[in-house]
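Subject: A structure for you to explore

Hi there,

Here is the structure I promised to pass on to you. Have a look at it first, and then read on for my notes.

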Amino acid sequence: MASIAQLPIRSKGNSKCSIHKEKDVVFVCQECENLICTTCCLSENHKNHIDSLRELSEIKTEKTNTIVDFVNDTEKVNIPKLNQEIISSRTKMSTYKTHYENLRKNIIENNIQCKLELDKLTEDYISLCHTMEAATTDIIQTHITDLERRLDTLRNLLSEYKQTLQIGTAVLVYDSVSEIQEMDSTIPPTPDIDMAEFTPGKDRQSLLKQAVGNIIIPDELLRYTIPDSPTVMSEFTYPDDITSICLTSDGRAWLCDCSNDTVNLINTKGQVIQTIQHNSDIQDISL
Ligand SMILES: [Zn+2]
Ligand SMILES: [Zn+2]
């Protein structure tokens with residue numbers, strides 16, 4: 001069997017032999033799956049394939065049927081199927097779009113709720129502070145009022161007893177002393193009231209995350225990264241056709257056009273800085 005890589009390629013629809021360019025192809029070598037000319041038949045490449053040769057004109061009907069089948073299948077089945085598939089893919093895409101729109105709405109709505117609840121908790125705490133402060137103030141104020149009442153009483157008694165000392169009867173002196181002995185002179189201590197305290201939550205980030213909720217990302221999407229759009233480093237027109245490009249590590253590029261025999265090295269401005277010529281057309285290049 002001849003290696004395909006050794007055979008020049010006959011372009012689609014070209015009736016000339018790719019090796020013997022002046023001759024028409026007339027046979028199918030079924031062994032090589034190739035069209036060949038009469039000269040080819042006798043050549044080293046195909047001389048053992050004689051049994052597999054068929055006349056080109058003879059297989060036209062058979063091959064035509066294949067094309068007719070393909071055309072029918074394509075028109076009646078494959079194109080409608082593809083169209084259907086495209087429609088259902090678009091539908092699916094819009095379903096996903098709707099899903100993500102709703103997802104975003106939900107997340108934002110949830111955030112608003114979380115903030116409202118946080119504000120409510122804060123408001124409750126602030127209100128508790130007011131209540132505690134009022135209670136404490138009330139207790140101390142009651143104590144002060146009590147002390148002031150005692151002060152008033154003592155001042156009144158003081159002037160009364162001064163008078164008793166000067167002009168009081170024996171009975172009044174006696175009664176006054178009884179009164180003094182019953183008197184409780186201890187001053188009640190200022191109440192020591194515990195104060196409300198506030199301890200900010202530790203690990204706030206993770207608790208808030210727990211409060212906000214979880215977002216679950218499918219593995220396949222986690223690994224999928226949308227490629228960044230390329231950055232254009234330089235742009236230029238090139239006078240010839242280009243069928244293959246090989247970039248060099250220093251930012252230059254080798255170019256070839258399959259219809260000629262040269263390979264050009266260009267710089268980032270598109271200027272040819274090196275040319276290599278080969279003895280036949282160059283189909284493709286690689287580095
Ligand atoms: Zn030939
Ligand atoms: Zn052959």
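You will find Asn-111 in helix α2, which covers residues 60-167. Please keep in mind throughout that this is a predicted model.

**How the chain is laid out**

The protein is divided into domain 1 (14-58), domain 2 (67-182) and domain 3 (234-287). The centres of domain 2 and domain 3, taken over C-alpha atoms, are 74 Å apart. Asn-111 and Gln-277 are 166 residues apart along the chain, and 68 Å separate their C-alpha atoms. For Pro-191 and Asn-78, 113 residues apart along the chain, the separation of the C-alpha atoms is 93 Å.

**Two zinc sites**

Now please turn to domain 1, with residues 14-58. Which residues coordinate the zinc ion (ligand 1)? They are Cys-17 and Cys-37 and Cys-40, each through SG, together with His-20 through ND1, at 2.0 to 2.3 Å. The four donor atoms subtend angles of 101 to 119 degrees, so the arrangement around the zinc ion (ligand 1) is tetrahedral. Along the chain, the donors of this ion (ligand 1) follow the spacing C-x2-H-x16-C-x2-C. Cys-17 and His-20 are both buried.

The zinc ion (ligand 2) has Cys-29 (SG), Cys-32 (SG), His-46 (ND1) and His-49 (ND1) around it, at 2.0 to 2.3 Å. This site (ligand 2) is tetrahedral too, with angles of 103 to 122 degrees among its four donor atoms. Here the spacing of the donors of the zinc ion (ligand 2) reads C-x2-C-x13-H-x2-H. His-46 and His-49 are both buried.

Leaving aside residues up to four places away in sequence, Cys-17 touches Lys-23, Val-25, Cys-37 and Cys-40. Cys-17 also belongs to the largest nonpolar core, which has nine residues in all. Among the other members of that core are Val-25, Ile-36, Cys-41 and Leu-53. Another core, of seven residues, lies apart from it and includes Cys-246, Trp-254, Leu-265 and Ile-282.

Next, look at strand β5, residues 253-256.

Strand β4 (residues 244-247) runs antiparallel to β5, and four bridges join the two. Leu-247 has Ala-253 in β5 as its bridge partner. The hairpin of β4 and β5 has five residues between the strands, and in it Gly-251 takes a positive phi near 85 degrees.

β5 also pairs with strand β6 (residues 262-266), again in the antiparallel sense and over four bridges. The bridge partner of Cys-256 in β6 is Val-263. A hairpin of five residues links β5 to β6.

Two residues have a positive phi without being glycine. Glu-33 has a phi near 50 degrees, and it lies in the loop between β1 (27-29) and β2 (34-36). Is Glu-33 buried or exposed? Glu-33 is exposed, because its relative accessible area is 72%. Asp-203 has a phi of about 55 degrees and sits in the loop between α3 and α4. With a relative accessible area of 54%, Asp-203 is exposed.

Pro-191 is in the loop between α3 (170-182) and α4 (204-212). Its relative accessibility is 28%, so Pro-191 counts as partly exposed. Not counting residues up to four places away in sequence, Pro-191 touches Ile-139, Ile-140 and His-143.

My last stop is Thr-74, which lies in helix α2. Why does Thr-74 count as buried? The reason is its relative accessibility of 17%, because buried means under 20%. Beyond residues up to four places away in sequence, Thr-74 touches Ile-79 and Pro-80.

Best wishes

Conventions. Residues are numbered from 1 along each chain as its sequence is written. Chains are lettered from A and ligands numbered from 1 in the order in which they are written. This is a predicted model: local features need pLDDT of at least 70, side-chain atom pairs count only at pLDDT 80 or more; totals for chains, interfaces and linings use all residues. Side-chain values use heavy atoms; hydrogens and water are left out. Buried means under 20% relative accessible area, exposed over 50%, partly exposed in between (1.4 Å probe, protein chains only). Contact means heavy atoms within 4.5 Å. Donors are N, O and S atoms within 2.8 Å of the metal (3.2 Å for Na, K and Ca); water is not among the atoms, so sites may look incomplete. Four donors count as tetrahedral if all angles lie between 85 and 135 degrees; four count as square planar and six as octahedral if opposite donors are over 155 degrees apart and all others between 65 and 115; anything else is irregular. Two strands pair if DSSP finds at least two bridges between them. Domain bounds come from an automatic or database domain assignment. A nonpolar core is a set of buried Ala, Val, Leu, Ile, Met, Phe, Trp, Tyr and Cys residues joined through side-chain atoms within 4.5 Å.
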